[in-house]
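Hi everyone, thanks for coming. I'd like to walk you through one structure today, so please have a look at it with me.

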Amino acid sequence: MNLKSIRALSFAVALFLGVLLSSPLWAQAQQLERNSLAQTPPMGWNSWNKFACKIDEDIVKSVADAIATNGMKEAGYQYVVIDDCWQISRDENGFIVADPKTFPSGIKALADYVHSKGLKFGLYSDAGTKTCAGRPGSQGHEYQDALQYARWGVDYLKYDWCNTGTRNAEEAYSTMSNALLATGRPIVFSMCEWGTAKPWLWAKGIGNLWRTTGDISDKWSSMKKWPDGGCCEYGWTDILDLQVNLYPYAGPGHWNDPDMMEVGNGGMTVPEYRAHFSFWALLAAPLIAGNDVRSMQPEIKEILTNSEVIAINQDPLGREGHRVWKEGDLEVWSKQLNDGSRSVILFNRGTSENEISVSWDQIGYPNHLPAKVRDLWAHKDLGSFDGKYSAKVPGHSVVMVKITP
Ligand code: GLA
């Protein structure tokens, strides 16, 4: 090769690299590698469903104490997240200020306390000018807030969507995502945009989880309109219905979030809470408890810490389960697991007992295959079955099994 062609080749390589590095494709590839957190759905606790705005540092500390000692930490619960109402104003330099009445020791001290229990610490903010409860939002302060969170030792940010005006969701969430990345601290980014702009289509690589619907309530079903006529206060089965076609979008590091759990908040029966928890596990949903974990009944703790059901949620393959059969009030849902087995929920939405069957061809196995069935709530091996498994399921309940050929 002569000098001229070497020069020409070098120029072509430089040009190619220049174009590649400045192209949106490269930026996107970089973005997808932005954090390697939440390879399985995040597990933790959030203050909103139980305490709403009545949250303070003593509650957060005692919740961290409880999680560290009541079996939840061993079961995998990790993030202690303060939702709305911890913030009150900005200082003269624009830094966010915690409410001195409810958080007198400051957020750094609280984060240190939660970390001292071997847990991780999370906070809440909003992409608009104000949070949903009217506290200062992060709009225009994204990098400054991210910097402050990192200084405080924040490990998880839930980022809401109130008071955002005409802001574009992808832009707003990318801005905070970039700001978090710029801090150099690994921070799980939980997007709370309620599914309005279909975040499952664009948010992989921006957030680690994204809300798919409006807010959950402690009910089986509701669909009650808000006072302003907007839709809706959802029961957990209403939210379940809205997950039906979203399963292809979830995977390690990027999860559909059907909202924080209501298990143990008092509005449902124990079998109803068991059904709610079973589905959140099967949907590979973030398992964020939303009850007062300091004083829960043993049967509620048993639900939240069922290690066999949690293992389905935390399965490393990271598949979200989906519905494979429905007839009236009876349904079958299935989730593929890393070892090739399936977790299956037989779901009775009706009020009286009914037999429900799952056939192997519904879950991707040939019918002639013998398979072992284990009941994940009874913690019992039920034997080997050919072609199908049937069980009687009481009203408003599930039977949840693992099927292993
Ligand atoms: C919105 C969110 C809730 C909660 C409240 C706080 O409604 O969807 O999860 O964070 O705001 O004000």
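Let me begin with the ligand: by class, how many nonpolar, polar and charged residues make up the shell around it? The shell holds 7 nonpolar and 6 charged residues, with no polar ones. Please keep in mind as we go that this is a predicted model.

Now to who sits where. The ligand has 13 residues around it, and the ones that come nearest are D83, D84, K158, D160 and D215. The side chain of K158 places an N or O atom 2.8 Å from an oxygen atom of the ligand. For D160, the distance from a side-chain N or O atom to a ligand oxygen is 2.8 Å. As for cover, the ligand taken alone exposes 310 Å², and the protein buries 93% of that. And if you were wondering about the site itself, the space the ligand takes is the largest pocket.

Let's move on to salt bridges. A search of the whole structure turns up 19 of them. One I'd like to show you pairs R135 with D99, where the closest N and O atoms are 3.9 Å apart. This pair links distant parts of the chain, 36 residues apart. R135 is in the loop between β5 (120-126) and α7 (142-152), while D99 is in the loop between β4 (96-98) and α6 (107-116).

Last, some backbone geometry. Most peptide bonds are trans, and most residues other than glycine have a negative phi. With that in mind, look at C231 and C232, which are joined by a cis peptide bond with omega at about 0°. C232 belongs to strand β10, residues 231-233. Then there is C85, a non-glycine residue with a positive phi, near 90°. You'll find C85 in the loop between β2 (79-81) and β3 (87-90).

Definitions and conventions: Residues numbered from 1 in each chain as written. Predicted model: local features only at pLDDT ≥ 70, side-chain atom pairs only at ≥ 80, totals over all residues. Heavy atoms only, no water. Near = heavy atom within 4 Å. Polar contact = N/O pair within 3.5 Å; in protein donor to acceptor, adjacent residues only side chain to side chain. Areas by Shrake-Rupley, 256 points an atom, 1.4 Å probe, with all protein chains shown as cover. 1 Å grid on protein atoms, 1.4 Å probe; cavity = no way out; pocket = protein on both sides within 12 Å on 5 of 7 lines; lining within 4 Å. Sits in = over half its atoms within 2 Å of the grid points. Nonpolar A, V, L, I, M, F, W, Y, C, P; charged D, E, K, R; others polar. Salt bridge = Lys/Arg side-chain N within 4 Å of Asp/Glu carboxyl O. Helix = DSSP H or I, 4+ residues; strand = E, 2+ residues; numbered from the N terminus.
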